[in-house]
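Work through the exercises below with the coordinates open. Each task is followed by a stepwise solution.

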Amino acid sequence: MTDDQADKGTVGYLLEMGALKRGKRSGWWIAGVKDPETIAEHSFRTAIIGAVLAMMEGADPAKVALLCTFHDTQETRVGDIPWIGRRYLEAATNEKVTADQVSKAHPAVAEGIKGVVHEYENGDSLEVLVAHDADKLECMLQGMEYLEQGYRNAQEWVDTTRAKLKTPSALALAEAAQGMSSAEWKHIYLS
């Protein structure tokens with residue numbers, strides 16, 4: 001592969017990641033949410049939450065944010081398959097999808113991204129645990145926001161994702177979030 005081909009392959013990957021800004025999180029449709037957030041919006045807040053949780057847990061915030069950033073990038077190819085749909089499908093692993101996505105990218109980029117995804121999917125480090133909790137806590141917070149908008153069926157998402165949290169910091173933040181409105185942040189700083 002020439003440098004020019006690798007550069008084009010890398011840009012192709014970056015352009016593909018732009019599709020995450022348009023792809024909706026389809027699981028929320030089951031809860032009746034008509035216009036759910038995009039995969040990119042979810043991944044952005046997941047990365048922020050991951051960095052915050054890492055700081056609280058004594059993990060590496062940059063590594064956790066990186067793991068969170070790439071955790072759903074495969075959904076450009078396979079979509080956001082809700083948990084109920086996974087019962088009927090045999091989708092390729094996230095590692096296989098990622099390998100295909102970066103197959104034409106610069107070798108260092110391909111190996112780096114494959115490594116991040118492999119670690120998120122298979123690792124057992126504190127950083128991986130925190131990254132998984134960040135994903136769940138983001139879903140819980142999003143569910144709470146949808147509840148505010150009148151989507152009562154989002155309560156199940158709030159409850160089930162909260163029940164899966166493992167780190168003390170994620171559990172503490174989930175507890176603190178209960179009863180808060182999505183606009184309450186401004187009152188905390190104005191008082």
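**Exercise 1. Classify the lining of the largest pocket, then locate it in this predicted model.**

Solution.
1. By class, the lining residues of the largest pocket comprise 11 nonpolar, 8 polar and 11 charged.
2. The lining has 30 residues; D80, I81, W83, R86 and D135 are those nearest the centre of the pocket.
3. Two or more lining residues come from each of α2 (27–30), α5 (75–78), α6 (83–86), α8, α9 and α10 (155–163).
4. The volume of this pocket is about 900 Å³.

**Exercise 2. Repeat the analysis for the second largest pocket.**

Solution.
1. Its volume is about 580 Å³.
2. The second largest pocket has 20 lining residues, with R45, L141, A177, M180 and W185 nearest its centre.
3. At least two lining residues each are supplied by α3 (39–57), α9, α11 (168–177) and α12 (184–190).
4. The lining divides into 14 nonpolar, 2 polar and 4 charged residues.

**Exercise 3. Determine which residues of α8 are buried and why they lie on the same side of the helix.**

Solution.
1. Helix α8 spans residues 107–122 and reaches 22 Å from its first C-alpha to its last, close to the 22 Å expected.
2. With buried taken as under 20% relative accessible area, the buried residues of α8 are A110, I113, V116, V117 and Y120.
3. These residues cover an arc of only 135 degrees around the axis, so they sit on the same side of α8.
4. In an α-helix with 3.6 residues a turn, residues three or four places apart point the same way.
5. The cover over the buried residues of α8 includes α1 (3–17), α4 (61–70), α7 (94–101) and α9 (126–148).
6. Exposed residues A108 and E111 are on the face of α8 turned away from its buried side.

Key: Residues are numbered from 1 along each chain as its sequence is written. This is a predicted model: local features need pLDDT of at least 70, side-chain atom pairs count only at pLDDT 80 or more; totals for chains, interfaces and linings use all residues. Side-chain values use heavy atoms; hydrogens and water are left out. Helices (H or I, at least four residues) and strands (E, at least two) are DSSP runs, numbered from the N terminus. The expected span of a helix is 1.5 Å times one less than its number of residues. Buried means under 20% relative accessible area, exposed over 50%, partly exposed in between (1.4 Å probe, protein chains only). The arc is that of the directions from the helix axis to the C-beta atoms. Contact means heavy atoms within 4.5 Å. On a 1 Å grid over the protein atoms alone, a cavity is a set of points where a 1.4 Å probe fits but cannot get out, and a pocket is an open set with protein on both sides within 12 Å along at least five of seven lines; lining residues have an atom within 4 Å of a point. Grid points are joined across faces, edges and corners, and a volume is the space filled by probe spheres set on the points. Ala, Val, Leu, Ile, Met, Phe, Trp, Tyr, Cys and Pro count as nonpolar, Asp, Glu, Lys and Arg as charged, and the others, Gly among them, as polar.
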